[in-house]
There are 2 protein chains.
Amino acid sequence: MSDIDSAEEVVLDPEREAATKAQVFAAAERLFALNGFQNVSVRDITAEAGVNLASVNYHFGSKDALLYEIFRRRTAEMNRERARMLHQAADRHGGKPPVRDILEALFAPPLRWSNPAHERRISVQFIIRARSEGTEAMKETLRTDVSHLKRFADALIAALPHLPREDIYWRLHFALGMLHNNRFAEFDRLHVLSDGATREADVDGLLRRMIDFAEAGFLA
Amino acid sequence: MSDIDSAEEVVLDPEREAATKAQVFAAAERLFALNGFQNVSVRDITAEAGVNLASVNYHFGSKDALLYEIFRRRTAEMNRERARMLHQAADRHGGKPPVRDILEALFAPPLRWSNPAHERRISVQFIIRARSEGTEAMKETLRTDVSHLKRFADALIAALPHLPREDIYWRLHFALGMLHNNRFAEFDRLHVLSDGATREADVDGLLRRMIDFAEAGFLA
DNA sequence: TCCATTCTCAAACAACCGTTCGAGAGCCCC
DNA sequence: GGGGCTCTCGAACGGTTGTTTGAGAATGGA
């Protein structure tokens, strides 16, 4: 093939085979995060990615399998980052971090990644959507794969030895509720409610507010 | 038409005209609450209600209009009950109820209605779903119609005069997050996490736990 | 009794969905 | 240079979706 032809139309380079799959993955994550799972068709994804319609089924098997692969990869990354911060907090405090540091390890990764300037902003939106709109397979995973949450529950039990375990689990549930409710629509409501007095959410300020509230709840 | 024929097949009584609309409404609410908004077709609804397929469009205009009417009626009922409890709390405390009573007025109606024995259990599930899976029209309503929340914000401002209003709004946002996260799937996760040690949720115990946690957060 | 209104019903419509198929292009290795 | 493998592409398939249509039954008032 001559140079002239290759200049007119993109030819397949060695990376292209993997490139198509990666482009489908990225386009799907972006569209799902923005418009919801049910409102995005396979045709939307392939059009956005600039690839053929059959690519989704060829590379991922099915639309649901593609959704699940995005979900699994992104939640794994999030859990890894949380575990890393919890581990660092344990190192700082001789293996027994206080409630405040545990909550920071739980809240900070999703909040920091939600920053408009952060590249993983889309991934956080995707994960949030998966919690409510996800396939039954996703919800089943969220329901039964709690090993990563167990680390946080154990750390809280060590930090609050006087508190019954049942209380710890419930309060962890409440803290996660505070976090998962942070959608964009809810921020708008807050803005309307305060007649515009509430600033646009800077994530570090929000993180501090959430930790303050949840810490008091755990120490009650 | 003879008596024999009318015994074989149900004839139209005077109430029947309204009955069809009510049956569609009830069947739609039940199916949407159980299976999600996108996973229920008009055919599912009319089959469950035992009416003709065209009934939905005839009585409600469209599927989305039916959804929105259920949403509007149920949220209005919920808001009314919350306002009633807040009003009662104000009467008990000379017009200035403490944080604890305000939180109870906010949490108790949806929690009590979630009780398996309560007839409005389905309605609560529907409302919860509307918050995440709802039409854009529903979310717009949730976003802009905050008049009912303003009553609670004002009561909290009166109860916590030393706290900046911006903090009040944020902490109200957190408290609502705790509440809205109470889905059935999340309860399952809690159960798995605690190795079955956590009892089945009795709503009064859960209500007390939530108020304890949120009250401490507000008083922090 | 007759007309107008309201409602039900079976059938069809057009659009969109996820998935599959067969042909063919490009590539590597023998 | 030829066979095998991977991947892309346009086209089509079967199914489901929300909505519309036109005819007919039942009802209430004149």
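Q: How many residues of chain B are in contact with chain A?
A: 50 residues of chain B are in contact with 50 of chain A, contact being heavy atoms within 4.5 Å. This is a predicted model, where local features need pLDDT of at least 70, side-chain atom pairs count only at pLDDT 80 or more, and totals for chains, interfaces and linings use all residues. Residues are numbered from 1 along each chain as its sequence is written, chains are lettered from A in the order in which they are written, and side-chain values use heavy atoms, leaving out hydrogens and water.

Q: What area do chain B and chain A bury between them?
A: About 4,800 Å², with 65% of it on carbon and sulfur atoms; that's accessible area (1.4 Å probe) lost on putting the two together, summed over both. Arg189(B), Leu193(B) and Phe213(B) supply 17% of what chain B buries against chain A, more than any other three residues.

Q: How many salt bridges are there between chain B and chain A?
A: The count is 4, taking a side-chain nitrogen of Lys or Arg within 4 Å of a carboxyl oxygen of Asp or Glu. One of these pairs Asp167(B) with Arg209(A) at 2.2 Å, N to O.

Q: Is Arg209(A) buried or exposed?
A: Buried, with a relative accessible area of 13% (buried is under 20%, exposed over 50%, partly exposed in between; 1.4 Å probe, protein chains only). Among the residues that Arg209(A) touches are Glu166(B), Trp170(B) and Phe174(B).

How values were computed. Lists of a residue's contacts leave out its neighbours within four places in sequence.
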